[in-house]
Amino acid sequence: MKKIRDFVLAAAALSLASSLANASPEDSIRKALEQVVPGIEITSIQPAPIDGLYEVMAGTDLMYVTGDGRYFMSGHIVDLKNRKDLTEPRLAAARAKLLDKIGEDEMVVFGSGQPKHTVTVFTDIECGYCRKLHSQIADYEKEGIRVQYLFFPRAGKGSPAYEEAVSVWCAGDDEARRTALTKAKSGKKIEAKTCDNPVDEHMALGTDLGLRGTPAILTDSGELIPGYVDPKRLAARLNGDVGS
């Protein structure tokens with residue numbers, strides 16, 4: 001499913017019917033967007049930090065539309081005076097809410113005890129940087145980072161990476177899954193198995209989040225960190241160290 005903003009950006013402009021002239025900003029925006037993107041599921045409309053502009057959320061898509069529903073903006077609003085991104089916290093909250101839909105019992109988890117941080121990593125078994133990340137899993141644990149894996153085979157359902165993900169999940173209990181995943185990520189063959197599994201659910205969630213590659217790291221707060229980040233650098237970033 002293409003992202004909502006892609007549909008909107010592809011449109012020449014948002015046009016408002018004359019019947020909306022006296023409508024409330026929420027009604028004007030909703031009806032204008034529905035003209036451009038039939039079936040759009042708007043989850044919230046609220047005033048944006050800029051006067052006359054409204055923030056529209058549709059899942060994890062965030063856009064800005066003027067109160068009359070005529071003008072559309074895609075991107076982040078940044079407070080230059082305070083050097084603060086005002087859009088990212090809203091996107092992060094939406095991502096975190098989506099992540100809550102999948103429980104730990106539907107993930108392959110590495111790390112125990114009392115970690116300082118927990119991250120959720122969307123992974124593709126055949127992805128080179130995903131393999132590099134996993135080869136350092138012990139180092140992430142040493143930095144106090146617990147890793148929760150979700151599968152996101154980029155080649156899609158039925159691909160070798162998809163079948164491997166299913167086989168990993170169907171390997172047995174939690175420890176068997178960890179062992180199978182480590183073996184698969186080292187390039188070794190694992191026994192092909194099938195069973196009820198959450199791989200399709202993982203992929204659907206990744207699509208809803210707008211992921212375009214792997215690894216994709218999400219923090220508990222919903223911050224999205226695309227790509228590979230080495231253990232020490234990731235720990236520094238999670239600890240809030242400036243410049244990490």
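Modeller: In helix α6, the residues Ala 161, Tyr 162, Glu 164, Ala 165, Val 166, Ser 167, Val 168 and Trp 169 are buried, where buried means under 20% relative accessible area, exposed means over 50%, and partly exposed lies in between (1.4 Å probe, protein chains only). The helix is thus mostly covered, with 8 of its 10 residues buried. Helices (H or I, at least four residues) and strands (E, at least two) are DSSP runs, numbered from the N terminus. This is a predicted model, in which local features need pLDDT of at least 70 and side-chain atom pairs count only at pLDDT 80 or more, while totals for chains, interfaces and linings use all residues. Residues are numbered from 1 along each chain as its sequence is written, and side-chain values use heavy atoms, with hydrogens and water left out.

What covers the buried residues of α6 includes strands β7 and β9 together with helices α7 and α8 (199-208), contact being heavy atoms within 4.5 Å. At Trp 169, one of the buried residues of α6, Arg 177 lies over the face of the ring, at 3.7 Å from its centre; a charge sits over a ring if NZ of Lys or CZ of Arg is within 6 Å of the ring centre and within 35 degrees of the ring normal.

Strand β9 (residues 145-151) has 7 of its 7 residues buried, so it is largely enclosed by the rest of the structure. In a regular strand the side chains alternate between the two faces of the sheet. Here Ile 145, Val 147, Tyr 149 and Phe 151 point one way from β9, whereas Arg 146, Gln 148 and Leu 150 point the other way, and all of them are buried.

Strand β9 pairs with two strands that deserve a look, and two strands pair if DSSP finds at least two bridges between them. With β8 (residues 117-123) the pairing is parallel and runs over 7 bridges, and in it His 117 stands opposite Ile 145. With β7 (residues 108-110) the pairing is antiparallel and runs over 3 bridges, Val 109 having Gln 148 as its bridge partner in β9.

Rings of Phe, Tyr and Trp (its six-membered ring) pair if their centres lie within 6.5 Å, and planes under 30 degrees apart count as stacked, over 60 as edge-to-face and the rest as tilted. By this rule the count comes to 3 aromatic pairs. The rings of Phe 110 and Tyr 149 have their centres 5.8 Å apart and their planes at 85°, so this pair is edge-to-face. It links distant parts of the chain, Phe 110 being in strand β7 and Tyr 149 in strand β9, 39 residues apart. Phe 110 counts as buried at 8% relative accessibility, and Tyr 149 is buried with a relative accessible area of 1%. Phe 122 and Phe 152 form another edge-to-face pair, 6.2 Å centre to centre and with 90° between the planes. Phe 122 lies in strand β8 and Phe 152 in the loop between β9 and α6 (160-169), so the pair ties together parts that are 30 residues apart in sequence. Both Phe 122 and Phe 152 are buried.

Returning to Tyr 149, the charged end of Lys 185 sits over its ring, 5.4 Å from the centre. Both Tyr 149 and Lys 185 are touched by His 134, as are Phe 110, Leu 181 and Thr 182, not counting residues up to four places away in sequence. His 134 belongs to helix α4 and counts as buried at 5% relative accessibility.

Helix α4 (residues 128-135) has Cys 130, Leu 133 and His 134 as its buried residues. They cover an arc of only 95° around the axis, which puts them on the same side of α4; the arc is that of the directions from the helix axis to the C-beta atoms. On the other side of α4, Gly 128, Tyr 129 and Ser 135 are exposed.
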